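Colleague: I have the model open and would like to go through a few places in it with you. Shall we start with the loops and then move on to the ligand?

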Amino acid sequence: MTGLLERLEELRAHDLATHGGRTLAYVYDSGLADADEVGRRALASYASSNGLDPTAFPSLLTMENELVGNALRLLDAPATGVGTVTSGGTESVLLAVQAARDARPGLPEPSMVLPSTAHAAFHKAAHYFGVRPVLVPVRGDFRADVDAMRAAVDDSTVLVVASAPSYAHGVVDPVTDIAAIATEHGIRCHVDACIGGWVLPYAARLGRDVAPWTFAVDGVTSISVDLHKYAYTPKGASLLLHRTPALRKAQFFASAEWPGYTMLNSTMQSTKSGGPLAAAWAVVGTIGDDGYADLTAQVLDGMDRLLAGLAELPALHVVAHPDSTLVALGTDGSCDVFTIADEMVSRGWYVQPQLTHDGHAPTLHLTLSAATAPHVEEFLSVLAEAVTVAVETGPVQVDPGVADFVRALDPSALSDDDFDGLLATVGMDGSSGSVLPERMAEVNALLDLAAPALREALLVAFLDRLSRPAPSTW
Ligand SMILES: Cc1ncc(COP(=O)(O)O)c(C=O)c1O
């Protein structure tokens, strides 16, 4: 048995670091070893319990109701507020859209109005549930355009959406005005605070300027907030909160149309581990309100130092002044973000490239955790080195013929063989023995030229080639 646990550690050595503060996307590190330990123990001890039936595992219901009650208080909900623990931000968003759709059963072609910066989870919801997304371009400051959203609402609209903040640019949409549109039309308004919901309330308490976005805003009917992000709990825990039980009702599913137990679910999963819920309960309780206020103070102080340091790097600029702990960086054209990202990886830091969207140039995304805050100065000096190398190298030059070819490709006309050929050209066919080429800049530069539909198709083909059965090594 020990051998396999050691093997797990060997396998994990190829992953991004989850702790230490040098991974600025995907992971959230409080830097609190005791809270991490409590989370790991709770996760392990509840791994086999089953959230399928709260009467069979009442401890899970107790923990869920306590977590929901705590979050409703944090987010200014009225006494009528209710909520559900889900497996993550995407599931919370999916359920918010599904509930909005199913609360209007007579509507033949339901739609939802989204700022163009809304998380891709809403596109997934649109795809799964047949709710047409009406995408409204954002303003120059990357916040939702309220007038354009109002104009986009029609009789088919079941939901309007705001982000607090958006993932890609880290800015909070004008929630008060978007919620007012919902009230005017008698429809729902969901605030996606998956990534900011555990930071912004504490930021406000610390005296930072935070525009209203919680249930204190009239017309906000539901909010998603992830515990596995800034509540620093192990992965697999988010909250979907509703202003009233009536708004939540359509989210629940029951089926007695078969000979077994009557299926009764509050979430998309049926059998589900109690582990992430127990871990979230234990970590939120361990860190506590004062602990989160401290962590938020640390990370916001880190953001201030980060923004001040970035101002000293002339090749980079902050795309939108961040309202929370996420920032997008653009370049002045002397270098590209893809080369910078590779240079950072080779120095032990992960930052996430974001490709061209809606005519806006690619950016580098940074999510700051509390554990990164003490290392901001080191991060800035490594970033300065990476930028210097990237300026010396210059932006990746894609051969104009190849660029024209990529721009003209129609994904619907491509066969599997075509995809094989394209993936092999950029070293993403696995033939090099590793999942990805060592440097991603050239691949990203090519993907950046591809229209969204081609990007999606290429990456789906890539994932398909990656996900193939392998001989076991145990
Ligand atoms: C604003 C926002 N919404 C939704 C999600 C999706 O969350 P998850 O990755 O936990 O499914 C994210 C993830 O970063 C997010 O930032």
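Colleague: Where does proline 165 lie?

Modeller: Proline 165 lies in the loop between S4 and H7, where helices (H or I, at least four residues) and strands (E, at least two) are DSSP runs numbered from the N terminus. Please keep in mind that this is a predicted model, in which local features need pLDDT of at least 70 and side-chain atom pairs count only at pLDDT 80 or more, while totals for chains, interfaces and linings use all residues. Residues are numbered from 1 along each chain as its sequence is written, and side-chain values use heavy atoms, with hydrogens and water left out.

Colleague: Which peptide bond there is cis?

Modeller: The bond from alanine 164 to proline 165 is cis, with omega near -5°. Most peptide bonds are trans, and most residues other than glycine have a negative phi.

Colleague: And which residue has a positive phi of about 75°?

Modeller: That is tyrosine 26, which is not a glycine; tyrosine 26 sits in the loop between helix H1 (2-12) and helix H2 (33-45). Phenylalanine 142 also has a positive phi, near 70°, and is found in the loop between strand S3 (132-136) and helix H6 (146-152).

Colleague: Is phenylalanine 142 buried or exposed?

Modeller: Phenylalanine 142 has a relative accessible area of 6% and is therefore buried, the cut-offs being under 20% for buried, over 50% for exposed and partly exposed in between, with a 1.4 Å probe and protein chains only. Tyrosine 26, at 47% relative accessibility, counts as partly exposed.

Colleague: Back to S4, then: how many of its residues are buried?

Modeller: Strand S4 (residues 157-163) is mostly covered, with 7 of its 7 residues buried. S4 pairs in the parallel sense with strand S2 (residues 111-115) over 3 bridges, and with S5 in the parallel sense over 5 bridges, where pairing requires that DSSP finds at least two bridges between the two strands. Methionine 112 stands opposite leucine 159 in S4, and serine 163 stands opposite aspartate 192 in S5.

Colleague: What do S4, helix H7 and S5 make?

Modeller: Together with helix H7 (residues 175-185), S4 and S5 make a right-handed β-α-β unit, right-handed meaning that, with the strands pointing away from the viewer, the path from the first strand over the helix to the second runs clockwise.

Colleague: Now the ligand. Which residues surround it?

Modeller: Among the residues that surround the ligand are Pro165, Asp192, Gly89, Thr90 and His228, a residue being near if one of its heavy atoms lies within 4 Å. A polar side-chain atom of threonine 90 lies 2.6 Å from an oxygen atom of the ligand, a backbone N or O atom of glycine 89 lies 3.0 Å from a ligand oxygen atom, and an N or O atom in the side chain of histidine 228 is 2.9 Å from an oxygen atom of the ligand.

Colleague: How much of the ligand does the protein bury?

Modeller: Taken alone the ligand exposes 390 Å², of which the protein buries 84%, with accessible areas from the Shrake-Rupley method and a 1.4 Å probe.

Colleague: Last topic: how many aromatic pairs are there?

Modeller: The count comes to 8 aromatic pairs, taking rings of Phe, Tyr and Trp (its six-membered ring) whose centres lie within 6.5 Å, with planes under 30 degrees apart counted as stacked, over 60 as edge-to-face and the rest as tilted. The rings of tryptophan 198 and tyrosine 292 have centres 5.9 Å apart and planes at 75°, so this pair is edge-to-face.

Note on methods:
Polar contact = N/O pair within 3.5 Å; in protein donor to acceptor, adjacent residues only side chain to side chain.
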